[in-house]
Amino acid sequence: MSWCATYGCWLWANRASEIKDRVYGYQYGACLLAEFNCAFQGYDLAVSIVVKTLRKADRLAHHTITTILAFWCYHYHLLLYYGIFFFGVSEVSSMFLAFVEFFKEFPKLRDLSLNPCLHQFNELTRMIFAGLFLSFRVVYWPYVSMQFWADSIDTLGGENPALIVELIFTLMANIGLTLLQFFWGTLILKQIHKKLFSQRKFVRATDAPGNDCEYGAISNGDEMSATKLSFTEKKGNLNG
């Protein structure tokens, strides 16, 4: 997907002079992006069906709909202008998602005690992925979608629009895919919040020498429980 992101960004930067009709206009580079995505999403759909850990409703829905849209895009030359963004530019974050998924499958490689350099690299790629995903898929995606809706509705309201069924389905699919980006965005924001505010460590020292210990990563919600546990242990030591 790195090629799609890089090539898509280049096409998007030069899109105004390439495609005059944003609904039915043809552009060779955009057609390549759509064709590649059709093959890739179809492959990803097959893998998600076969591999049990990847067999999730949001993944299956995303890959199925995207495969259909990519096929219509390159086969009918439908909405190639917007295909540059949705099949190219939006994949910028996927370049770093590949590293995130890789370290997720091989957790020992990102273990701080075993591989401190890879641990830092994993943390860096996760931060970059989160920033790019939120920027391109949560903030910029709806802006492009609004322009896409305006152009599509104008086309449907014009004289003798072509591919009406496909165009209406694409509009409905855009709603679902946009909501899916928001859903994934909320998951990322929750992880960021957890990283910043929940992974706190609380240190306690007992009266006995040499028994200093540290609680693990205790969330804010567990702070009261940790305090009660410490109080109970100290009370037991006094009674003993």
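Rings of Phe, Tyr and Trp, the last taken by its six-membered ring, form a pair if their centres lie within 6.5 Å. In this predicted model, such ring pairs link W12, Y81, Y82, F85, F86, Y140, W141, Y143 and F148 into a cluster.

Along the sequence the elements follow the order α-α-α-α-α-α-α-α-β-β-α. Of the 240 residues in the chain, 35% are buried. Among contacts between residues at least 6 apart in sequence, 66% join residues at least 24 apart.

A search of the whole structure gives 20 aromatic pairs. A pair of aromatic rings is described by the distance of the centres and the angle of the planes. For F99 and F121, the ring centres are 5.3 Å apart and the planes stand at 90°. Planes over 60 degrees apart count as edge-to-face, so the pair of F99 and F121 is edge-to-face. This pair links distant parts of the chain, since F99 belongs to helix α6 (residues 94-105) and F121 to helix α7 (residues 116-156), 22 residues apart. F99 is partly exposed, at a relative accessible area of 36%, and F121 is also partly exposed, at 34%.

The rings of Y140 and Y143 are arranged in another way: their centres are 5.9 Å apart and their planes are at 15°, so the pair is stacked. Both residues lie in helix α7, 3 residues apart, which is about one turn of the helix.

The remaining topic is helix packing. Two packed helices are described by the angle between their axes and the distance between the axes. Helix α1 (residues 2-13) and helix α3 (residues 28-50) have axes that come within 10 Å and cross at roughly 155°. Angles over 145 degrees count as roughly antiparallel, which means that α1 is roughly antiparallel to α3. The crossing of the two helices is left-handed. On the α1 side, W3, C4, Y7, G8 and L11 take part in the contact, and they meet G29, A30, L32, L33, F36 and N37 in α3. By class, this contact has 8 nonpolar, 3 polar and no charged residues.

Notes: Residues are numbered from 1 along each chain as its sequence is written. This is a predicted model: local features need pLDDT of at least 70, side-chain atom pairs count only at pLDDT 80 or more; totals for chains, interfaces and linings use all residues. Side-chain values use heavy atoms; hydrogens and water are left out. Axes are lines fitted to C-alpha atoms, for helices over the stretch in contact, and angles run from 0 to 180 degrees between N-to-C directions. Helices (H or I, at least four residues) and strands (E, at least two) are DSSP runs, numbered from the N terminus. Angles under 35 degrees count as roughly parallel, over 145 as roughly antiparallel, 65 to 115 as roughly perpendicular and the rest as oblique. A crossing is left-handed if the near helix is turned anticlockwise from the far one by less than a right angle, and right-handed if clockwise. Contact means heavy atoms within 4.5 Å. Ala, Val, Leu, Ile, Met, Phe, Trp, Tyr, Cys and Pro count as nonpolar, Asp, Glu, Lys and Arg as charged, and the others, Gly among them, as polar. Rings of Phe, Tyr and Trp (its six-membered ring) pair if their centres lie within 6.5 Å; planes under 30 degrees apart count as stacked, over 60 as edge-to-face and the rest as tilted. Buried means under 20% relative accessible area, exposed over 50%, partly exposed in between (1.4 Å probe, protein chains only).
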